[in-house]
Amino acid sequence: MNFNPFSKFIQKNKNRPKEKWKEVHMGMGFLMILYISLKNLKAGKIRSVLTIGGVALGIGVITFLLSMGFGVQKLIVEEVTKNNPLDIIDVSNGNLDSVIYLNEESIDKIKKIDGVGKVEKKVNVGGKIILGESQTDAVVFGVTEGFIELAKITYQSKENKFSNGENRAIISSRLSDLLGLKSVDETIGKKITYNIAVNQDISSKFSKDKKFENSETEIVGVVKSDAIVIYLPFEVVKNSFEVDLAQEGKVQINNMEKYGFAKQSLEQMGFVTESVNDLIKDIDSFFNTVRAILAVFGIIIMSISVMGMLNTLSISLLQRTKEIGILKALGTKRLDIFKMFILEAILISFIGGIIGFLGGYGIALLVNKVLIFFGQKVGVELYYFVYVPNYFSGLIAGFIFFLGVITGIMPATRASGIHALEALRYE
Amino acid sequence: MQKKIKLQWKKLQGSSYNGSDIKEGEREVVVVAENVFKDFILGASIVSVLKDVSIKVKRGDFALLMGPSGCGKSTLLHIIYGLEEPTNGTVFVDKEDIWGHSKNWRAFFRNQYIGFIPQQAFWIKSLSVVENIAIPGFINGRSYRKSVERAHKTLEVVGMEKWARYRPFDLSGGQQQKIALARALLLNPKFIIADEPTGNLDQKSGVQLMELIKKFNQEYGITVLMVTHNPEQVSYATRVIKMVDGKIVLDVDDPNEISKMTNEF
């Protein structure tokens, strides 16, 4: 007979010293272990599908709930910060116990606080706006150009802009409507008359409240707002009506590391401070609580999935006891048997996790789209509120790996510890 | 350290053999079991299965271990194969004191140098016939492609190539034992250890399998150590070792005597 398929192998191994066995006995390669694990999953299709489905359901529910939670939180924070940058602290003259106004002296003091950049002021007085036959009450704000900028007040204008030294005004779209002006084009350039009543508190020049009538200004801008307001340059208000104290202001922080210190210093000066940061902290705190509740639900669901996984792997271990026996008898190392089982658990967890994550996210997007669609039908404006931050994706990836390892450890340890002969005799 | 002490103790207690005197006559002695004892603890009692057993097998031998059920022949086989640790005594296979090494070493040794055929063929259900045959290659760290390529060649040798893509459990008992032989041959072993491989086969399949094993024994010098109940299989043997009640009662390697035994059956 002309057979010897192993001649090369025989030659190669003839002179191999046995002492070097460790160099030769590499054990099963990772790809081989992966292949056998995948084959085992494929062999028990129904069991694998059900177990993977259990994990997918758990991860899917968590992703579905949390992606909406994250999305709603992001939407709210974006809305809040849209016109209120994070580096701005609003200051006001506080409570009745400590009334303090923004004047040149206090502004200089504020500017000297470490981390503070710009300081801009705003005063508000009651007024009446008159255009021809139309007249309406409105809040008159005396603001600086810098305040308009920090407050992110965007307005429509033509060639003339709002300027500190010029007698020009910006009015709200609502005020424009009340004055009978039908469009922005019609509004801009109109000259209006106004009367205002100045409280003695905001002027160091007089000791009684004063009224000023028939002042005039030119409208140079329209800001979209439902409030009935008019913005005049602070300088104009100061020169025309002797107002030199502002009730409110905006303080820009140019070094966010000093944010806390600056805020504290302002409060020590007697100002009441308000910042979108505080609001965001409250929002975050609320959503953290919501997420914690959702996480508890998730953990309950995942616990059921974990039990399913453990059950599947334990049954798989029992059913494959003889396979483990023959593998060991043929020379498989304990570690390779361990790897085989742990890899199977990681595969179940990983496949289930990926399906669950994508499924949960996909369903959340679908629900979002359906809500937007029906919202449009009934005239309600809805937004996209599904969002998964990168760190959450990372957390899910880490969690499913951890889940695989944790659920796999027990059966893998048992499988690797079985004695080959006992396994072969197992009935 | 404990292992070393245990080994020293065993040598002092049970064996005078040190593995250096491995030649006997013309052929090299490749399997030596010296003063082997094996006790099993069953509840409160100790059952002695092997009682001071010593055997020697030479390279190229076709050695049959025979005896009634429960005489300890399978236990002796498992001890020589490195699966069952002896209570006392030493076992040298190819000059290696196999019970003086670690578990992982024995796993390597089994994988690399010994082909194993159990009484009932055990398979990885999820793998095909050819993949099951390739398992010793996978275990050895060889690639899938190379192991399967070699498995195909081995299947040709046992005449089972057309069953390569089947699942092992789809085959008959005789066919399964043929592919178990193919699996045992995959890494070109120096030894084949077979535990009643024909025990579950009909006579025709049993003869076919024995012919194949004999062929590999004769043509490639693979040393065979086989447990059997079947006295008719003495005709294939070059050495017959008979055990009764945990002891060797007969160890014959004279062809004339073996021939006489064959004629008796």
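Reader: What percentage of the 265 residues in chain B is buried?
Author: Buried residues come to 51% of the 265 in chain B. Keep in mind that this is a predicted model.

Reader: ok, and how many helices and strands does chain B have?
Author: Chain B contains nine helices and 11 strands.

Reader: What share of its contacts links residues 24 or more positions apart?
Author: Counting the contacts in chain B with a separation of 6 or more, 69% are between residues 24 or more positions apart.

Reader: Let's take one strand. Is β5 of chain B mostly covered or mostly uncovered?
Author: Mostly covered. Strand β5(B) runs over residues 88-93, and five of its six residues are buried.

Reader: Which sense does it have when it pairs with β2(B)?
Author: Antiparallel, over five bridges; β2(B) covers residues 27-42. In that region B:T90 of β5(B) stands opposite B:E34.

Reader: And how many bridges join β5(B) to β6(B)?
Author: Two, and that pairing is antiparallel as well. Strand β6(B) is residues 96-97, and its B:D97 is the bridge partner of B:F92.

Reader: What sits between those two strands?
Author: Two residues, in a hairpin. B:D94 there takes a positive phi near 50°.

Reader: Switching to chain A. How many of its residues are in contact with chain B?
Author: 31 residues of chain A are in contact with 29 residues of chain B. On the chain A side, α1 (7-14), α3, α12 (321-329) and α15 (420-425) each supply at least two residues.

Reader: Which one gives the most?
Author: α3(A), with six residues. By type, the chain A side that touches chain B divides into 18 nonpolar, seven polar and six charged residues.

Reader: Which of its residues are buried?
Author: A:M32, A:I33, A:I36, A:S37, A:N40 and A:L41.

Reader: Last one: what do the buried residues of α3(A) pack against?
Author: Elements from both chains. In chain A they pack against α4 (45-82) and α13 (334-377), and in chain B against α5 (135-139) and α6 (144-157).

How values were computed:
Residues numbered from 1 in each chain as written. Chains lettered and ligands numbered in written order. Predicted model: local features only at pLDDT ≥ 70, side-chain atom pairs only at ≥ 80, totals over all residues. Buried ≥ 20, exposed ≤ 12 C-beta atoms within 10 Å, placed from the backbone. Helix = DSSP H or I, 4+ residues; strand = E, 2+ residues; numbered from the N terminus. Pairing = 2+ DSSP bridges. Contact = placed C-beta atoms within 7 Å. Nonpolar A, V, L, I, M, F, W, Y, C, P; charged D, E, K, R; others polar.
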